[in-house]
Amino acid sequence: MASIPPKPENPLHLHTTKLTLGCPILDSFLGGGIPCGSITELVGESSAGKTQLCLQLLLSSLLPPSLGGLSSPSLYIYSEPPFPLRRLLRLSLPSLPPRPLDHIFVRPAHSADDLLSLLSHLPDSLPVRLIIIDSIAALFRSEFDNTPRDLKSRSSLFFKIATKLKDRARKLGAAVVVTNHVVDVVEAECGGARCLWSSGRRVVPALGLAWSHCVNTRVFLTRSEGMVRRSNGEECEVRTRRMHVVFSPCLPERSCEFAIVGHGVLGVG
Amino acid sequence: MEISCLPISASHRAKLLSAGYTTLSSLSSVSPPQLSHLNVALQEAVDILKVSSESCRVEVQDGAVEFCKGAQTAWDMLSEEQALRHISTGSGDLDSILGGGIHCKEVTEIGGVPGIGKTQLGIQLAINVQIPYDFGGLGGKAIYIDTEGSFMAERAYQIAEASILDTFDNFGCQLKEIPEKLKAESFLANIFYFRICSYTEQIALINYLDQFLVEHKDVKIVIIDSVTFHFRQDFDDLALRTRVLGGMSQKLMNLAKKFSLSVVLMNQVTTKFTEGSFHLTLALGDSWSHSCTNRVILYWNGNDRYAYLDKSPYLRPASVHFSVTGKGIRDATSQCKRVRMM
């Protein structure tokens, strides 16, 4: 059988669609929104806002392209049950189609192999254009020891999962968002990863250097607490949440403040 | 006749090739002690040179004029090399430790941690290779093989615009109207972009490049970003992986020589446990490190980006501070930047 020679593409025709986050400040911070066709990682400590942002994206993907959405259903794969249905119900966005929950597919994953099998068996006819994995870290916590052999097989799984996700992202023009946890940094050297401060601790993303090579964009969500003196002389505690672009194919390193309010996540300009 | 056709062992062949000996004529004036510097036993070096001189004599019809068909004088080789321009990286400091920029006819490996700027450098080179000959560039086209999905056309457009403007600035030109072929859109259209999703696709594409390059002789750079990604899974048998990688790097080297273009391979970083602690090292193993003529390692020094020339046939190791800006790769702007010779 004669093989078909590969055909090059012209970059002029490769436009990256972006998925809105539902807030103009955050969209502008991310150069339009979450890019389609690649993997974006949201990393942060517990309660940093990762799941909240993911739930907001589940809704914004239902918006029409004119409003920055993808007019498509989404798939939410969760590894830390239960699925946060109540928080999803509290979110709202203007101009959503009726019965938005009908267009959100939800599936738990129990382990890394389970996730790999799930991704391999996703029917091509499923038209999701947003795939969320919340969180990838929980899938790798307990199964692997620190022996070189286990680390190697763990790292091989990272690349297999990332390949399947990028495949889907490319074929369907989908945005893939993966959440990850952080671990504390003990030594003075951070090694390959650059660390950030969150809640007064120096932290780096979990899963190490190999996983870092698997994602295209890394966004770090941090929290910090500080005392602020108000104009009336009173001192009060202020909690700041910040979103940092750690690396991205097209954005410079920068950070932006955001807040989590009742009905969603908003940037603070 | 090429070294690759000589009846010598694969490891000897790899050592000769990575040291820059690719044709029989390049071996014609080398002595065994010189060859033994390549980590080859003296007797083996004598054998290799004997085999190569025998292969030469078989070809020659008129032995009186040339020892070996295709032999050149050193002067001819020097002029030919000078005629081959280097591809600027966008940063003058980085260009200077590279001997002017990325070299044609050679394979250069660029490794670093995620976010250090490998893809940015790749895109910058795919743009800079197109700078017209009259402006000091090669006026060539680029092949960009993307295995990770990090190439974004909007970023390439931004880099192209800035590179074109900076080129005009450097030459003190004030063009009232920019001709069509010097617009950012043309620069983007001159990049042949391939998105590769598995290692078999990667090998098939590299095999196909020979035919593609015959049809597109104006391509002067082939970038693979990254050469590593698809090789970090599916290979339980590491010996097989080494063989496959070896074959691939051989083909790429041949393409570089045959078509006088440069091949730039991006590599990832992994941790290696040696002597009781973890060290950062380039991925794909020790045998891969012989596959490239040049190697540049990008790394963080605090909050600054540095590039270190780790391997080169004729340049000293050195490191330099550079930056990634909205315009692309540029010199670092801090006052304390300097080139450090090791």
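The structure, a predicted model, holds zero disulfides over all chains.

Visitor: What makes Cys23(A) count as buried?

Guide: Buried means under 20% relative accessible area. Cys23(A) has 3%, and therefore counts as buried.

Visitor: Why is Cys250(A) called partly exposed?

Guide: Its relative accessible area is 24%. Partly exposed covers values between the 20% limit for buried and the 50% limit for exposed, so Cys250(A) is placed in that class.

Visitor: Why is the pair Glu253(A) and Arg305(B) called a salt bridge?

Guide: The closest N and O atoms of Glu253(A) and Arg305(B) are 3.1 Å apart, and the limit is 4 Å; the pair therefore qualifies. The rule finds one salt bridge across the interface of chain A and chain B.

Visitor: Is Arg305(B) buried or exposed, and how do you know?

Guide: Arg305(B) has a relative accessible area of 10%. Because buried means under 20%, Arg305(B) is buried. This residue lies in strand S9 of chain B, residues 304-311.

Visitor: How many residues take part in the contact of the two chains?

Guide: Chain A gives 37 residues and chain B gives 40 residues. Together the chains bury about 3,300 Å², 63% of it on carbon and sulfur atoms.

Definitions and conventions:
Residues numbered from 1 in each chain as written. Chains lettered and ligands numbered in written order. Predicted model: local features only at pLDDT ≥ 70, side-chain atom pairs only at ≥ 80, totals over all residues. Heavy atoms only, no water. Disulfide = S-S within 2.5 Å. Buried < 20%, exposed > 50% of the residue type's maximum accessible area, 1.4 Å probe, protein only. Helix = DSSP H or I, 4+ residues; strand = E, 2+ residues; numbered from the N terminus. Contact = heavy atoms within 4.5 Å. Buried area = accessible area lost by both parts, 1.4 Å probe. Salt bridge = Lys/Arg side-chain N within 4 Å of Asp/Glu carboxyl O.
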